Amino acid sequence: MRTTKTIYRVFVSLLATIIVAGWASTRALAEDFEGPGASSGSSLPALDGRSRGFELETPAEAGAQPVQTTYVLPLPQPVPPFPILLNRSVRRYVSDFMTSPYHLQDTFDRSHPYLQDMVRVLRSYGLPDDLVYLAFAESEFSKQGQGPWQFTSETAKRFGLRIDDYVDERRDPVMSTKAAAEYLATLHDEAGDDWPMTLVAWNNGDRAINRYWSLRGRDMERFGSRLPRRTRGLMGRFMAVAYIAHHADSYGLTPIKLDDPPAYQMLPVTGGTPLSRVALNHGTTLEHLRELNPGLLRDVVPPDQHAYNVRIPLASDIHASF
């Protein structure tokens, strides 16, 4: 009997100790949450968040903006200039071009009406002005065949250029430059802002970055020697033309002015209108309109268009109707 009472007293004592310890732990936890000086009767914040200054805000109250349903293209960030290298290979191309300087001058003259608009397009994508000379390296600024940038039909359509029986926008210097700028900006991002690798991909396709990246090093001469001949040629011609353009006076050529305003204006013309009528109404010739609008394959505005922009000489009356 005495043993039973002893066990009972020990049990009661242990139970009291456990209760006191639990109460102290709970009070300490409450003080940690509520902060020092909280009264013993305080409680946790209510779910509405209004007790003890614990204020829950709705997204609108917190200044949140609704999620946009359409993606907005961010403004392009200007990139560093293309590094024009005057190495041995480029010097050879400079010498080759200057064996017939009048031919290169004709090329510059042919491009002059469009250069300001072409450079404006490049700048709108954050690309350096010198990339305009890539069109000279590709085609000597041809407005025939695949146009200045030498797009295949598949790549041209991929970047929104129209090709059909009436129009081949690859031949239009400004429209094709927009497609070229978009492609070059994409490749430049994929190449980690590496310009030489960007041109390798431009000349060999998107997958060329992975194919040739292991060959890339700090020695550009060595890197160039490992590239396909056509790629080495393109890069050499591009840098040579850019170098000559920057030093036109020294080579006896007319200085290249990239910011001269164009000598034409754009006029929306009703689909199906003959170009001869456009020429007659604007005091110019059919031949001049053909020259200004190389993307038009026939002497008529595309008949499936409600209106199509046609270049006319700047002195023409833009208010004439069709």
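Before reading any packing angle, I note that axes are lines fitted to C-alpha atoms, for helices over the stretch in contact, and that angles run from 0 to 180 degrees between N-to-C directions. The model is a predicted one.

**Entry 1: α6 and α7.** I looked up α6 against helix α7 (residues 195–204) and found an angle of about 125°, with the axes 9 Å apart. Since angles of 65 to 115 degrees count as roughly perpendicular and those over 145 as roughly antiparallel, α6 and α7 are therefore oblique to each other. Their crossing is right-handed. On the α6 side I listed A180, Y183, L184, L187 and H188 in the contact, and on the α7 side W195, T198, L199, A201 and W202. Sorted by class, the residues of this contact are 8 nonpolar, 2 polar and no charged.

**Entry 2: α3 and α6.** I then took helix α3 (residues 101–124), whose axis comes within 9 Å of that of α6 and crosses it at roughly 20°. That makes α3 roughly parallel to α6. From α3, the contact draws on Y114, D117, M118, R120, V121 and L122, and from α6 on P173, V174, T177, K178 and A181. I counted 7 nonpolar, 1 polar and 3 charged residues in the contact of α3 with α6.

**Entry 3: D168.** Is D168 buried or exposed? Its relative accessibility is 5%, so D168 counts as buried. The side chain of D168 makes a polar contact with the side chain of R170, at 2.9 Å. Setting aside neighbours within four places in sequence, I found D168 in contact with G145, R162, I163, G295 and L297.

Notes. Residues numbered from 1 in each chain as written. Predicted model: local features only at pLDDT ≥ 70, side-chain atom pairs only at ≥ 80, totals over all residues. Heavy atoms only, no water. Buried < 20%, exposed > 50% of the residue type's maximum accessible area, 1.4 Å probe, protein only. Polar contact = N/O pair within 3.5 Å; in protein donor to acceptor, adjacent residues only side chain to side chain. Contact = heavy atoms within 4.5 Å. Helix = DSSP H or I, 4+ residues; strand = E, 2+ residues; numbered from the N terminus. Parallel < 35°, antiparallel > 145°, perpendicular 65-115°, else oblique. Left-handed = near helix turned anticlockwise from the far one by under 90°. Nonpolar A, V, L, I, M, F, W, Y, C, P; charged D, E, K, R; others polar.
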